[in-house]
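Colleague: I'm new to this one and I'd like to know what lies behind each label you use. Can you take me through it?

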Amino acid sequence: MTVTTTRPPTGAPATAAPPGGPARDREAEYREAAYRDGPVAALLLLHGATSPGVLPAGPGGHVFVPREIEATCDRHQTLLGPRPRGGGTGERRLGHVTVYGRELTALRVDGSGPPAGEPDGWATGLAWLRLGLAERLVDRVTAHLGGRTVQRTVTLNLPLVRAMLADAVAGTTECRALLKASPAPYTLRRVHRSLDETGRTCLHLFGASGFLAAGPGSEVRVSELLADTYAPAADETAPRDGAAPTSGAPSADGVSSAEGAAPNGLEAPTGYPSATDLERP
């Protein structure tokens, strides 16, 4: 079986993109960095290009960034622009997650949130970054299955496996097309949901190794936490994949956020994990 994916081009290690460069070029760099170097390197590149010195916050007032970013930022993002960090800001550390030996820190900052209006460079770039991670995962699982056999049949050639892998490839293809169309907030939410599904499908194809803390599951977990933190909040006017307009953004279990609504009146898009979940190895 031949699996065709549109892989981002590979090249030298990622370096910070110039803030004034063409948006399409920068988005391609985020996708390429994620595919080649993983989530932490790509997040450092994205942050350096879109919000240096400022902690990017999601609609629920949460922050989830590499430790290096958290340690060097002296401001946090709000609806009205960056505000200084420090005493009286209601900043709380929720925990951390480690992927490939690199640490990401989770915070809750009262009153923080993305800037008002259309998705900014961080929100859009993050979707491209997650696409690169998903494409990397699809290629990894394809190579994994191509080297395994079941009753003398290459696992990659089993009909059910081929169908699941085709779904994963279709998911990344759809997301790439949506992102190229300069997506609105509700489109970004659809992209994040589709990438979540692609990641879960690939983990099942890895078998037990897909759910090990040191395996590909750790990268998928980080990718999903980024979506939970930064996907645009739902509103009452935007369509939701053809469904009736909604005013909330519940997760699969119906919970909008582990912390509830933030002081800025917005809710987390899909349900942020509790501190104990973030601290779980």
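**What the labels rest on**

Modeller: Let's start with contacts: among those between residues at least 6 apart in sequence, 65% join residues at least 24 apart. Contact here means heavy atoms within 4.5 Å. Keep in mind that this is a predicted model, where local features need pLDDT of at least 70, side-chain atom pairs count only at pLDDT 80 or more, and totals for chains, interfaces and linings use all residues. Residues are numbered from 1 along each chain as its sequence is written, and side-chain values use heavy atoms, with hydrogens and water left out.

Colleague: How many helices and strands are there, and what makes a run count as one?

Modeller: The protein has eight helices and eight strands. Helices (H or I, at least four residues) and strands (E, at least two) are DSSP runs, numbered from the N terminus.

Colleague: What makes S5 and S6 a pair?

Modeller: Two strands pair if DSSP finds at least two bridges between them. S5 and S6 have eight, in the antiparallel sense, so by that definition they pair. In S6, Glu-91 has Val-109 as its bridge partner, and Arg-92 has Arg-108. The hairpin of S5 and S6 has two residues between the strands, and Tyr-100 there takes a positive phi near 50°.

Colleague: Why is S6 described as largely enclosed?

Modeller: Buried means under 20% relative accessible area, exposed over 50%, and partly exposed in between (1.4 Å probe, protein chains only). Six of the eight residues of S6 are buried, so the rest of the structure largely encloses this strand. Across the 281 residues of the protein, 50% count as buried.

Colleague: What makes Ser-194 buried?

Modeller: Ser-194, in helix H6 (residues 185-206), has 8% relative accessibility, so it counts as buried. Leaving out residues up to four places away in sequence, Ser-194 touches Gly-171, Glu-174 and Cys-175.

Colleague: How do you know that Ser-194 and Glu-174 make a polar contact?

Modeller: Their side chains meet at 3.3 Å. A polar contact is a pair of N or O atoms within 3.5 Å; within protein, one must be able to donate a hydrogen and the other to accept it, and residues adjacent in sequence count only if both atoms are side-chain atoms.

Colleague: What does the side chain of Arg-85 reach at 2.8 Å?

Modeller: Arg-85 is in the loop between strand S4 (83-84) and S5. A polar atom of its side chain lies 2.8 Å from the backbone oxygen of Glu-70, and the side chain also reaches the backbone oxygen of Cys-73 at 2.8 Å. Among the other residues that Arg-85 touches are Leu-55, His-76 and Leu-107.

Colleague: How do you know that the span of H4 agrees with expectation?

Modeller: The expected span is 1.5 Å times one less than the number of residues. Helix H4 (residues 121-146) has 26 residues and should span 38 Å; its end C-alpha atoms are 38 Å apart, so the two agree. H4 is also mostly covered, with 21 of its 26 residues buried.
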